[in-house]
Amino acid sequence: MSHVSSVDAAAGAPRAAALIVPTESLRGLLLWLMGFAGAFVFIEPSPYEIVALVSMALIGVTGWSLRGALMPLALILILLNIGYAIAVVQVADQQKPITWVLISIFLAATAIFYAGILSTNTQARLDHLLHGYTASAAIAAVAGILAYFHLLGSLSDLFVLYGRARGTFNDPNVLGAFLVLPAILLFQRVLVGRLSVVIGSGTLLMVLLAALLLTFSRAAWGQFVLSALVVMGLCLLTAPSAGTRIRIVSLAIVGGVTGLIFLAALLSIPQVADLFAERATLDQAYDVGHFGRFGRYVLGAELGLDRPFGIGPLQFSSFFGEDPHNSYLNAFMSGGWLSGFGYLTLTAATLANATRFLRADTPWRATYQVIYAAYLGIAVESAIIDIDHWRHYFLILGALWALMVASRPYLAEMRMGSL
């Protein structure tokens with residue numbers, strides 16, 4: 001009897017292995033598709049929602065789990081959306097605020113999904129997701145560049161808005177912000193990669209930076225500069241030798257000079273130079289004045305003190321003429337104190353915890369540093385722009401939490417080794 005059981009088990013093992021491989025390949029493909037679909041966000045609900053729903057459902061059927069260490073992320077996101085759901089009751093007669101809340105709940109679910117699925121088989125799954133993301137960023141960037149210079153004929157108007165490249169997004173600011181993560185990922189490869197990697201990554205980086213410039217998004221420009229500086233600093237901090245540090249600094253200098261030459265070439269085009277000169281200031285008409293961007297911050301904060309349940313999603317402009325353009329303020333306005341403090345807590349807790357793992361010697365340390373820098377850039381950018389429904393924000397948030405969880409054993413081992 002035992003002989004038969006052992007034979008059956010031996011025969012079953014290859015069959016089980018044969019099932020596991022296709023299942024993991026399916027997960028990888030679906031994660032690639034989710035990363036790729038993130039660039040196609042020109043309506044709400046967008047194509048990304050369809051791809052994400054199908055992918056999450058199929059991956060859910062194959063099985064995935066949410067580790068206990070991810071519960072704080074899930075809890076904060078739940079509380080954040082409970083605040084939105086309570087506040088929307090005030091404007092329940094309007095369809096758009098209700099849709100806004102439903103999309104917020106869905107995007108929060110995607111962050112939890114990314115955190116759960118990437119915390120297992122981390123390196124392979126993360127590679128699939130980021131490869132899809134980078135591919136879509138390249139397509140969106142090329143579409144934006146070609147359309148900006150009217151090289152797509154009558155289709156050019158689809159990818160440009162107010163003289164600014166928007167690619168496959170509905171807003172140039174979102175295209176610019178979307179490009180930051182793959183741009184700094186390529187920037188890091190230029191700093192530490194082999195010569196063949198440096199050439200390929202550097203070429204694609206120039207394409208992404210050209211599109212980033214042509215979005216004329218001041219916030220995205222600042223986010224890229226901040227994130228790139230953080231990545232370079234982390235590369236220097238974790239470099240294995242003095243020679244590597246010298247190489248990083250040298251390549252950064254060469255890259256900086258190349259970037260300036262590239263920028264000068266673009267600015268030699270009158271239409272680029274004129275809009276660049278207009279956008280590269282902080283005294284736009286909608287920035288200054290009592291009801292300007294910064295004036296609205298003060299007015300909104302004063303209103304928020306008197307409205308513990310907020311004023312409801314998408315209502316800020318009816319009070320002050322424009323959207324808040326500040327995600328921290330918008331959380332208080334759209335979901336009251338519960339959502340406002342929830343968003344503040346989410347940002348502070350994520351950055352505080354993520355900083356602990358920056359030097360952990362993991363197989364994905366380089367990628368972790370890029371995602372950390374991208375999240376830090378978004379957290380800062382949140383103070384001057386609304387990121388509430390940026391799909392890639394939730395991707396970065398979930399991925400960062402997943403990497404924190406997956407990195408815990410490595411950090412514990414490093415600490416034990418230092419004792």
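Ground rule for later: I call a crossing left-handed if the near helix is turned anticlockwise from the far one by less than a right angle, and right-handed if clockwise. Helices (H or I, at least four residues) and strands (E, at least two) are DSSP runs, numbered from the N terminus.

This is a predicted model, where local features need pLDDT of at least 70, side-chain atom pairs count only at pLDDT 80 or more, and totals for chains, interfaces and linings use all residues. Residues are numbered from 1 along each chain as its sequence is written, and side-chain values use heavy atoms, with hydrogens and water left out.

**Entry 1: confidence**

I checked pLDDT, the predictor's confidence in each residue, from 0 to 100. The chain has a mean of 88, and 90% of its residues reach 70 or more. Where is confidence lowest in the chain? I found that in helix 1 (residues 2–37), with a mean of 68, while helix 3 (residues 71–87) is highest at 97. Over residues 1–11 the pLDDT is below 50, and beyond near neighbours in sequence I see 0 contacts there in the model (contact means heavy atoms within 4.5 Å).

**Entry 2: helix 7 and helix 9**

I looked up how helix 7 (residues 195–214) meets helix 9 (residues 242–267): their axes come within 11 Å and cross at roughly 40°. Axes are lines fitted to C-alpha atoms, for helices over the stretch in contact, and angles run from 0 to 180 degrees between N-to-C directions. So helix 7 is oblique to helix 9; angles under 35 degrees count as roughly parallel, over 145 as roughly antiparallel, 65 to 115 as roughly perpendicular and the rest as oblique. The crossing of helix 7 past helix 9 is right-handed.

On the helix 7 side I noted Val198, Met206, Ala210 and Leu213, which meet Arg247, Phe262, Leu263 and Leu266 of helix 9.

**Entry 3: loop residues**

Is serine 46 buried or exposed? I have it as buried, with a relative accessible area of 1% (buried means under 20%, exposed over 50%, partly exposed in between, with a 1.4 Å probe and protein chains only). Serine 46 sits in the loop between helix 1 and helix 2 (47–62). Leaving out residues up to four places away in sequence, serine 46 touches Phe40, Val41 and Arg391.

Histidine 150, in the loop between helix 5 (122–148) and strand 1 (160–161), is exposed at 56% relative accessibility. Its phi is positive, about 55°, although histidine 150 is not a glycine.
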